[in-house]
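Subject: Structure handover

Hi,

Here is the structure for you to look through. Please open it before you read my notes.

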Amino acid sequence: MKVVAFKRELQGTGASRRLRISGQTPGIIYGGTEAPVTIALDHNALYHALKKEAFHGSVLDLEIDGKVQKVLLRDFQMHAYKQLVLHADFQRVDANQPVHVKVALHFENADVSPAVKLHGATISHVANEIEISCLPSALPEFISVDLSKMDVGTTLHINDLTLPEGVTAITHGNNLTIATASVPAGQVSADAAAEEKK
């Protein structure tokens with residue numbers, strides 16, 4: 001994905017306020033061997049880009065004065081109640097250095113799992129994203145989580161995920177829970193009552 005930015009000379013609260021009034025968002029690019037650069041981005045383009053999942057989990061082509069840099073979106077601040085992006089932080093990436101990024105999980109095949117199909121269970125998503133490490137070229141937009149084998153009482157952990165080639169999960173030694181399958185309490189008692197009547 002491509003992002004166009006402009007170098008920003010003036011800094012400070014007043015300059016940032018004037019920038020926002022003119023329809024732009026202040027930002028910064030940091031990392032790598034170069035010094036941090038303050039930038040301005042078109043607010044509406046940035047606001048709509050932030051709604052796309054790929055914008056958060058992809059290496060972006062950031063163009064400033066005709067020169068393109070590879071960056072990752074690292075942080076952004078939204079206004080408390082207005083649809084307004086206040087600031088965006090981008091980090092330069094080196095094609096040869098691994099990046100640490102949080103990537104969204106896409107849950108699939110819950111409806112065909114034994115837990116749902118046979119027992120009417122609910123599969124709860126405990127985590128919606130995980131932290132991974134990989135080279136920028138191997139960065140996935142998202143990670144698919146196949147729930148087709150889940151049964152009642154089972155738990156899916158981070159070590160059970162099939163990660164794309166070259167991608168490793170950063171777990172800090174914890175085999176984190178990703179999803180659980182359980183039958184709703186009301187349904188358990190209804191099933192038990194039905195059994196007693198037989």
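Predicted model: local features only at pLDDT ≥ 70, side-chain atom pairs only at ≥ 80, totals over all residues.

Residues are numbered from 1 along each chain as its sequence is written, and side-chain values use heavy atoms, without hydrogens and water.

Start with helix H1, residues 13–21. Helices here are DSSP runs (H or I, at least four residues), strands likewise (E, at least two), numbered from the N terminus. Ala15, Ser16 and Leu19 are the buried residues of H1. They sit on the same side of H1, because their arc around the axis is only 100 degrees. That arc is taken from the directions from the helix axis to the C-beta atoms. Thr13, Arg18 and Ile21 are exposed on the other side. Buried means under 20% relative accessible area, exposed over 50%, partly exposed in between (1.4 Å probe, protein chains only). The buried residues pack against strands S2 (24–30) and S3 (37–42), with contact meaning heavy atoms within 4.5 Å.

Next, there are 3 salt bridges. Each needs a side-chain nitrogen of Lys or Arg within 4 Å of a carboxyl oxygen of Asp or Glu.

- Glu63 pairs with Lys2, closest N and O atoms 2.7 Å apart. Glu63 is in strand S4 and Lys2 in strand S1, 61 residues apart.
- Lys67 meets Glu34 at 4.0 Å, N to O.
- Asp61 pairs with Lys70 at 2.8 Å.

Last, an unreviewed UniProt entry annotates residues 99–184 as "domain: Large ribosomal subunit protein bL25 beta". UniProt positions follow the numbering used here, feature names are shortened, and annotations may be inferred rather than shown by experiment. That stretch is 5% helix and 42% strand.

Best wishes
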